[in-house]
Every structure is written in structure tokens, then in C-alpha cells.
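Have a look at the model first, and then we'll go through it piece by piece.

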Amino acid sequence: MARLLLLLALVAAASAPARANPEEGDEAPPYAVKSALARLAPQRPGKVDLYALVVGGDAEEVFRREVETVRDVLDERLGTARRSLAMVNDITMPEPEVTLNSLRFALRELGRKMDVEEDVLLMHFTSHGLRDGEFSLRHPASPLYALTPLYLRSLLDEAGVRNRVVIVSSCFSGNFVGPLSTDDTMVLTASSADRPSYGCGNDSKMTDFSRALYLKALVHTRSLREAAVETLGLVAADEKARGYKQSLPQLRSGAAIEERLRVIERQLESR
């Protein structure tokens, strides 16, 4: 009888569906993410709409503050109000909000909300970066897999999001440039692939790179290209003045995405 029971147990285990990796996050997205996605404004036919996804991957206060600030600036300066979504791993919340599964869900739903051939999705990611190029996802409630550049590329391709701006504020974030670069993509990172970036301590309002981009460069232009180029110089000058090793922010941008961003800029100027 014991052998029969063991055999039955083994057969049942073999036929049971494989369980999802808990490090990828719950299969069901957090209620806050689903609710926020449902409230996003639809795309407007004949307009190039800019949607924004702002992500704080690591459950430290500096990244939560950065997410809030970046979203506010994008809504005000680049017209993403009612078309922006913030996701952050907040240490005060019982469960993580940013996981590989929740990112997949959010990008898929954004791809459905947008006109993926016409509109642009701007993504800002802020967290700690690892030397192998991974972007940290961390919450005390459970261990989480990090986000790799190739996995982010696969999520965007799967969601059908064609026109992309990817901004990564983390150490060693230059690793995202190669895997994400296309003619329809702008990639802007806080550092090169082998350099750290600065300002991620809990006493900071936001990272140094993001402060330069959102609170200095974007204050006097609605051109994302101009702001990105100015940010490279601002960061270099600030780090030189403070005696820091240069982080060497990276910018790579295709002709097709730059033309779409110019259309958005003209729409903003004509409001």
C-alpha cells in the first residue's frame, strides 16, 4: 500500500502544472497597477501621444521620491498627464509592486491602450545597478529576480511597443544601450556599462543623473533630445567639480524616434 501511495503521489506531481517562479512575482498584478492602468486616457487618433511608465525597482526611499518627482515633471513638461503610470517597490507596503510579472502586465496593457504604430512610450527606471548589467528589483517581502536588458527588450517586443524612450538611472546602466537600440528607440543611461553613478543614498531626493535631467535640463526645453544632450554635460561638469570618477552617461537615439519626439514637441508648443 505504501508503494502504491508513493507511486500515485509521483504521478500526480509529474502531471501537475509547473508553478511559477515566486522570484518573478505573483501571476496576478497588484490591484494598484491594474486600477491605474484602467484610468489611463486612451490614445487620440491623429495625435502622437506620449505615455510614460516610471519604475522604482529597489525598496529604498530615494527611489520612491525619484519616481514621484519624475512623473510630476513628465506630466508638466512633456504632457503625459493622465497617460503616466508609476510603479514602485515601497518598503512600507506589504508586497512588491514591481516584479518581472507586473512589468510584463503593465507593458502589455500599455501596448493595448496606445496606438503602438503612432504613439511613444517613455520609460524611466531607477534603482541600484549590478556590475553584470542587471537592474535591481528588491522588496523585503520576497526575493525577486533582477531585470536584465535583454529581458526588457523581450517584454517590449512582446507588448508590441515600437516607439520607445528608455531612461535608466542606475550604476552600470550602459549595459542597456546595446540590447535596446533600434531606429525607433532612444536609450539614455546614467552611466557607462562599467561605471557607477551617484546620488542613490537615502538622504537624496533623487539620483544625481535624474536631478540633472528632470530638474535642470527639462526646465527650459520640451525637446527630450536637447535635454538628454545637456544632461551629459551637466553630469560631467558636476562630477568633475566634486572630484568624482566620471560616470559617463550614455545616449543612443535612432532617426525614427527623434522624428516622433519632434512631433510631440511641436504639439506641446502649439497648445
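Helix H7 (208–216) and helix H8 (224–242) each supply at least two residues of the lining of the second largest cavity. Before going further, keep in mind that this is a predicted model. The lining of that second largest cavity is made up of Ala190, Ser197, Tyr198, Asp208, Phe209, Val235, Glu239 and Ser247. Sort them by class and you get four nonpolar, two polar and two charged residues.

The structure holds two cavities of 30 Å³ or more, so let's turn to the other one. Around the largest cavity you'll find Ser127, Ser169, Ser170, Cys171, Ala190, Ser197, Tyr198, Cys200, Thr207 and Phe209. Its lining has five nonpolar and five polar residues, with no charged ones. Ala190, Ser197, Tyr198 and Phe209 turn up in both cavity linings.

Now for the pockets. Here are the volumes of the spaces.

| Space | Volume |
|---|---|
| Largest pocket | about 270 Å³ |
| Second largest pocket | about 190 Å³ |
| Largest cavity | about 50 Å³ |
| Second largest cavity | about 30 Å³ |

The largest pocket has 17 residues in its lining, and Ala36, Arg39, Arg71, Leu85 and Ala86 are the ones nearest its centre. Two or more lining residues come from each of helix H2 (31–39), helix H3 (61–77) and strand S2 (84–88). Which element gives the most to this lining? That would be S2, with five residues. As for class, nine of the lining residues are nonpolar, one is polar and seven are charged.

The second largest pocket is lined by 13 residues. Those nearest its centre are Arg44, Gly79, Gln267, Leu268 and Arg271. Helix H9 (residues 255–269) gives the most here, with three residues. This lining splits into five nonpolar, three polar and five charged residues.

S2 brings us to the sheet. Six strands form an open sheet, in the order S2-S1-S3-S4-S5-S6, and the pairing is mixed. In general, strands of a sheet pair through backbone hydrogen bonds, either parallel or antiparallel.

Zoom in on S2 and its neighbour: strand S1 (residues 50–56) runs parallel to S2, and five bridges join the two. If you'd like a spot to look at, find Ala52, which stands opposite Ser84 in S2.

Next come the helices. Helix H4 (residues 100–113) lies across S1, S2 and strand S3 (120–126), and runs at about 170° to S1. H4 also has a helix partner: the axes of H2 and H4 come within 10 Å and cross at roughly 10°. That crossing angle means H2 is roughly parallel to H4. On the H2 side, the contact is made by Val33, Lys34, Leu37 and Ala38, while H4 brings in Phe105, Ala106, Glu109, Leu110 and Lys113. Six of these contact residues are nonpolar, none is polar and three are charged.

Note on methods: Residues numbered from 1 in each chain as written. Predicted model: local features only at pLDDT ≥ 70, side-chain atom pairs only at ≥ 80, totals over all residues. Heavy atoms only, no water. 1 Å grid on protein atoms, 1.4 Å probe; cavity = no way out; pocket = protein on both sides within 12 Å on 5 of 7 lines; lining within 4 Å. Points joined across faces, edges and corners; volume = space filled by probe spheres on them. Helix = DSSP H or I, 4+ residues; strand = E, 2+ residues; numbered from the N terminus. Nonpolar A, V, L, I, M, F, W, Y, C, P; charged D, E, K, R; others polar. Pairing = 2+ DSSP bridges. Contact = heavy atoms within 4.5 Å. Axes fitted to C-alpha atoms, helices over the stretch in contact; angles between N-to-C directions. Parallel < 35°, antiparallel > 145°, perpendicular 65-115°, else oblique.
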